[in-house]
Amino acid sequence: MGRCDHASSSSFPAGGSPRWSGRRRKQWWPVSAAMGSSVTGACRSRQVGWVAGATGVRSWSLGTRASAYPLLCCGVMHAAVAEPGHHLHVAVSLLRGRHVVALTGAGISTESGIPDYRGPATQARARNPIQHAEFVRDPAARRRYWARSVIGWPRVAGAAPNAAHAALAAMERGGALSAVITQNVDRLHARAGSRRVVELHGALAEVACLACGRREGRAELQERLLALNPEMAGLARAAIAGPGPDVVGRANPDGDAELPAGLVDRFRVADCQACGGVLKPDVVFFGGSVPRDVVAEAYGLVDAAEALLVVGSSLAVYSGYRFVRRAAERGAPIAIVNLGPTRGDPLAALRWDERACAALPPLAAML
Ligand SMILES: [Zn+2]
């Protein structure tokens, strides 16, 4: 076992040779020069990741089994000795020079004003989202959905990409990122300039007829819905301004919103202009499934990737988590930037508890 070729001479622990111990081939480096500082890195060969802190330097062999993955960083003990910028440097060491794919969730869009109802601050107000089967089967459920959507959509349509979206687009332009796989339906990645985007859950910007398949822009449908329901126009305008916690018209990330029952009961739903069929936003509702070709495209990107960067997702939903598992099975290092713990933490080489807008711009600049 030679010296890790990814470590610079200034950050690599000086003195002595690595010692191997344990059946899992844990490798311990003697510490000398690294004492008192916190340095990290990962071998370019992807065989070894290592972390050095005030308590010593440890490195691990990264086996092919997911369970063999250590947390390089961000254990409570380690975070306590981390220097400012520490996580950034770990992220750079994991991602630089590699073929990187990003997987993003609602957390990247919160700073664009689109709430994340699974985030740490919003768990208390989690609500029951509409279910796919209910939408298809029940006209009353559709009426409730569209009435709320008329209020929720303007907030999504009016949201602007933020610094984190821009950073990912810049990484792609610079060749540091090959694609974005997103769980978000707000289309902010494309609007920020990302070219290769896989929208796992579709996009609210489009609507499709369940009978004839005709597609319609959501903006166009909004005009029709407001024409049918003029009493909603004022609420739709007010919702853009950013409602308070109990205000009518509070928007949710899927373009939904809360409304009193009376308004819902009077709401008139718009049908397909070609056949009169049922319109559905082109998004995957809970209980629905991601189209097979979309899943295959995302797996293809993950399989071609040498590292996975997860941003703003708790990975609670399997549709995103499966790609993290796949990357781990293939031995690709995984860096997670998210506020709060995620389901993928045990598989991650880096857990960076930070806002996407604070973490990604400096990361993009250093890759
Ligand atoms: Zn139709």
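**Helix packing**

Mentor: Helix H2 (residues 86–95) packs against helix H12 (residues 356–366) at about 45°, and their axes are 10 Å apart. That makes H2 oblique to H12. This is a predicted model: local features need pLDDT of at least 70, side-chain atom pairs count only at pLDDT 80 or more, and totals for chains, interfaces and linings use all residues. Residues are numbered from 1 along each chain as its sequence is written.

Trainee: How are the helices, strands and angles defined?

Mentor: Helices (H or I, at least four residues) and strands (E, at least two) are DSSP runs, numbered from the N terminus. Axes are lines fitted to C-alpha atoms, for helices over the stretch in contact, and angles run from 0 to 180 degrees between N-to-C directions. Under 35 degrees counts as roughly parallel, over 145 as roughly antiparallel, 65 to 115 as roughly perpendicular, and the rest as oblique.

Trainee: Is the crossing of H2 and H12 left-handed or right-handed?

Mentor: The crossing of H2 and H12 is right-handed.

Trainee: Which residues make the contact?

Mentor: From H2, Leu88, Ala91 and Val92; from H12, Pro362, Leu363 and Met366. Contact means C-beta atoms, placed from the backbone, within 7 Å. By class, the contact of H2 with H12 has six nonpolar, no polar and no charged residues. Ala, Val, Leu, Ile, Met, Phe, Trp, Tyr, Cys and Pro count as nonpolar, Asp, Glu, Lys and Arg as charged, and the others, Gly among them, as polar.

Trainee: And H10 with H11, at what angle do they cross?

Mentor: Roughly 30°, with the axes of helix H10 (residues 292–304) and helix H11 (residues 318–329) coming within 9 Å. H10 and H11 are therefore roughly parallel to each other. Their crossing is right-handed. Ala298, Tyr299 and Val302 of H10 meet Phe323, Arg326 and Ala327 of H11. By class, that contact has five nonpolar, no polar and one charged residues.

Trainee: Switching to sheets. What is the strand order in the six-stranded one?

Mentor: The order is E8-E7-E6-E12-E13-E14, in an open sheet with parallel pairing. Two strands pair if DSSP finds at least two bridges between them. Strand E8 (197–199) and strand E14 (350–352) are the edge strands, each pairing on one side only. Neighbouring strands of this sheet are turned by 15° against each other on average, direction ignored.

Trainee: How many bridges join E12 to E13?

Mentor: Four, between strand E12 (residues 307–311) and strand E13 (residues 334–337). Leu308 stands opposite Ile334 in E13.

Trainee: What about the three-stranded sheet; what order does it have?

Mentor: E10-E9-E11, open, with antiparallel pairing. Strand E10 (215–217) and E11 are at the edges with a single partner strand each, so one side of each has no neighbour in the sheet. The twist averages 40° from one strand to the next. Helix H7 (residues 218–228) packs on the sheet and touches E9, E10 and E11; its direction makes about 80° with that of E10.

Trainee: Is E11 mostly covered or uncovered?

Mentor: Mostly covered: four of the five residues in strand E11 (residues 279–283) are buried. Buried means 20 or more other C-beta atoms within 10 Å of a residue's own, exposed means 12 or fewer, and partly exposed lies in between; C-beta atoms are placed from the backbone.

Trainee: Last one. How many helices and strands does the protein chain have?

Mentor: The protein chain has 12 helices and 14 strands. Of its 367 residues, 45% count as buried.

Terms used:
A crossing is left-handed if the near helix is turned anticlockwise from the far one by less than a right angle, and right-handed if clockwise. Two residues are in contact if their C-beta atoms, placed from the backbone, lie within 7 Å.
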